[in-house]
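Work through these exercises with the model open beside you. Try each task before you read its solution.

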There are 2 protein chains.
Amino acid sequence: MENNELKQKVLSQAASAKDASRALAVMTAQQKSKILLAMADALSKNAKDILFHNEIDVEAAKEAGLAAVLTDRLTLNEARVNAMIQGVRDVAALKDPVGEIVEDLKPAQNIDVKKIRVPLGVIAMIYEARPNVTVDAATLCLKAGNAVILKGGSEAMNSNRILAKIIYDSAVAAGMPAGAIQFIDTTDRSAVTELLALDKYVDLLIPRGSEELVNFIRKNTLIPVLSHGKGLCHTYIDKDADLKTALEIAVNAKCQRPAVCNAMETLLVHKDVAAEVLPAICKLYSEEGVEVRGCPLARNIIPEAKEAVEADWSTEYHDKIISIKVVNSLDEAIAHINKYGSQHSDAIVTKDKSAADKFLAQVDSAGVFVNASTRLHDGSVFGLGCEIGISTQKLHARGAMGLKELTTTKYIVRGQGNIRK
Amino acid sequence: MENNELKQKVLSQAASAKDASRALAVMTAQQKSKILLAMADALSKNAKDILFHNEIDVEAAKEAGLAAVLTDRLTLNEARVNAMIQGVRDVAALKDPVGEIVEDLKPAQNIDVKKIRVPLGVIAMIYEARPNVTVDAATLCLKAGNAVILKGGSEAMNSNRILAKIIYDSAVAAGMPAGAIQFIDTTDRSAVTELLALDKYVDLLIPRGSEELVNFIRKNTLIPVLSHGKGLCHTYIDKDADLKTALEIAVNAKCQRPAVCNAMETLLVHKDVAAEVLPAICKLYSEEGVEVRGCPLARNIIPEAKEAVEADWSTEYHDKIISIKVVNSLDEAIAHINKYGSQHSDAIVTKDKSAADKFLAQVDSAGVFVNASTRLHDGSVFGLGCEIGISTQKLHARGAMGLKELTTTKYIVRGQGNIRK
């Protein structure tokens, strides 16, 4: 596509999404549920067609030599399509966040000020690989009353295109305002650049993909960005920890799924219990195939550990590797976490309530855990009903995000002719 | 100062603020109130010294030929100093936002998930002219548990320096962690550039000043920015409006203080009542010295009005000028507001509840008013207890901002050895 043509096309899609968002914002929860359930039915009816188009992407990926892990992410099968459809039905059943009265102020007689929850407007999703994001993103945005612009990766183009067509057609037939789902149908990467310039039309950008993608987007747009953060998570075993609890949590936080953001990367152990804890935990890690790297104090106790260098404390391994540091005090543990962590999820294991309270208060992270695994930091586990991601930013959304984070608020004021004196 | 020296100085001040913010975050409401009241006392005791230093700035401004309105903003007198001190006492008396339980989730037995309100950390304030911002900003940031970095304009340097010294010394004597208030003591504008690069230390930037300053900051930093927005506000007089109410609101919204962001710039009038409303409102505006510019339909009724050109609909006059447009319907009024407005504050005057509801739902602004003046959009009027500004952004803060907008949240999770299955 010519550059100017592409620019015009993206602009007109964004403008059309903005128009649709006005109509969508005033739809009832029932109307939106009906649309979502129609989408789920249509996906179900067209499952074979989805798999057929996905196969084209998967074959092309294999031919192009895409890494196996990425090809796996790209691949749909019957079970994955069913899970995607169930996801749509689950979101349809969630409570509608729109219309919630967040604050009810009565500042004076005859005037009524309410802060109510409303949709953001237009949300643009820029994502890589997994085609299910096409459906997940559209579902969550619609549920919260927003129009959505979808820009997926080129490797999933055939899958994304058929998914977008199925959900769009069924949603419009069920009453969705035309234009409320916009699929950017090009593999030209400059479409992203065009999208980033449209701060007049797009209210929120959600990138899903590599840290490079997210950073590129943050640096090149005035549109607010909401992104899933990097996770360099710690567990600190206090001198008053219950040993069995400590071991269970340390193993779970590291091993249950090492490649995700809320898995632990560094274990801190109080010096008073290091001699007891370290050999036991090392044995368990060895059974799980985890490579252990230790500070000098740790290696005095567990000489089989490799040496941890300065870079280890700030490395998100995403793998079966752990760095272990012996600390002299709770204060040192907190200082280490605040210095090296990514403000994502950090845990203390202790029976001492005052140590727990101090850790909760002073560790500056999105989620702080006492006697629980950092792996529990998750929207579904927390009971938010869905999983949009975990934010490590401090404004608008912090930690596990639910539907509320896809909304904003407005003040509605009803007076009786009130004026400013 | 050498560039490198300045860079190091700003960096070390930001790092010191970050350290102090950790201690500040865990202080009780009582401790913070004590500090704020000590600041108020010290300002009161040193009022003469403040006025003496302010006089130096004012004289220099006059000699430099600074515009009278800016010189006035710069000028302190006894009454203004007293108002500033009362402001500190008022904030001290507000409810502490820190520690509030925003969500209380019980997703499973034996696990307790709370989303609680916590300070942001370090807030940097970049402002022009008014020296009272030095005190206001420090007061509000401290109340919400944040360390603050103050970078004022060079024209107010002597005033800002003495104010910062008085509040800092008295606050530290009353128990504030050293370093929690940082005054950037230079008139070198590159200090702002240095500050904008410190996203590792600064959690939030609040610019107060010209639109150019705010835009420059937004475009040149990765630090989240919270800013007071531009106000292009409308009042729409519906066909079912009460005439007396309509006239009162239209005069108040335009004339009570035309230079502020929540004053009205454009009046929309339904065609069915234009013949009755326009001559009456024009007479009142004429008495108030307001220049009227009208669309062709309006000028058929009030030929004395000047012609409104396309640019008028998107001009924030900040002055005794109004543009008037006759519209055919409520829908046309809503579309005009959503197209030309700044999503700040917009009002409808009507006795028709369904028209009011439609306007409230479809006007996409931070504050939407029924039978009330847009001038009422204000933190103090709304009962938030303080006035940080009015945000026209949609993320984190929208509309009148209170202390809550100077905080974030974190999840604190207390388990009994819970792990992810």
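**Exercise 1. The two copies**

Through which surface do the copies meet, judging by the interface residues of chain B and chain A?

Solution. Start with the kind of model. This is a predicted model: local features need pLDDT of at least 70, side-chain atom pairs count only at pLDDT 80 or more, and totals for chains, interfaces and linings use all residues. Residues are numbered from 1 along each chain as its sequence is written, chains are lettered from A and ligands numbered from 1 in the order in which they are written, and side-chain values use heavy atoms, without hydrogens and water.

Now compare the interfaces. Of the interface residues of chain B, 100% are also interface residues in chain A, so the copies meet through the same surface.

Next, find how chain B is laid on chain A. A turn of 180° and a shift of 0.0 Å along the axis do it, with an RMSD of 0.0 Å (superposed by least squares on the C-alpha atoms of residues with pLDDT of at least 70 in both). The two copies are therefore related as by a two-fold rotation axis. In chain B, the C-alpha nearest the axis belongs to B:His396, 1.9 Å from it.

Finally, check the confidence. Chain A has an average pLDDT of 95, and 99% of its residues score at least 70 (pLDDT is the predictor's confidence in each residue, from 0 to 100). The model's scores are ipTM 0.92 and pTM 0.91.

**Exercise 2. The sheet of chain A**

Solution. First, the order. Helices (H or I, at least four residues) and strands (E, at least two) are DSSP runs, numbered from the N terminus. Two strands pair if DSSP finds at least two bridges between them.

Third, one pair. Strand β4 (residues 147–151) of chain A joins β5(A) in the parallel sense over 3 bridges. A:Ile149 has A:Gln182 as its bridge partner in β5(A).

Contact means heavy atoms within 4.5 Å.

**Exercise 3. Cysteines**

Solution. Take the distance first. A disulfide is a pair of cysteine sulfur atoms within 2.5 Å. By this rule, the count over all chains is 0 disulfides.

Then look at burial. A:Cys261 is buried, at a relative accessible area of 13%. A:Cys141 is also buried, at 2%. Buried means under 20% relative accessible area, exposed over 50%, partly exposed in between (1.4 Å probe, protein chains only).
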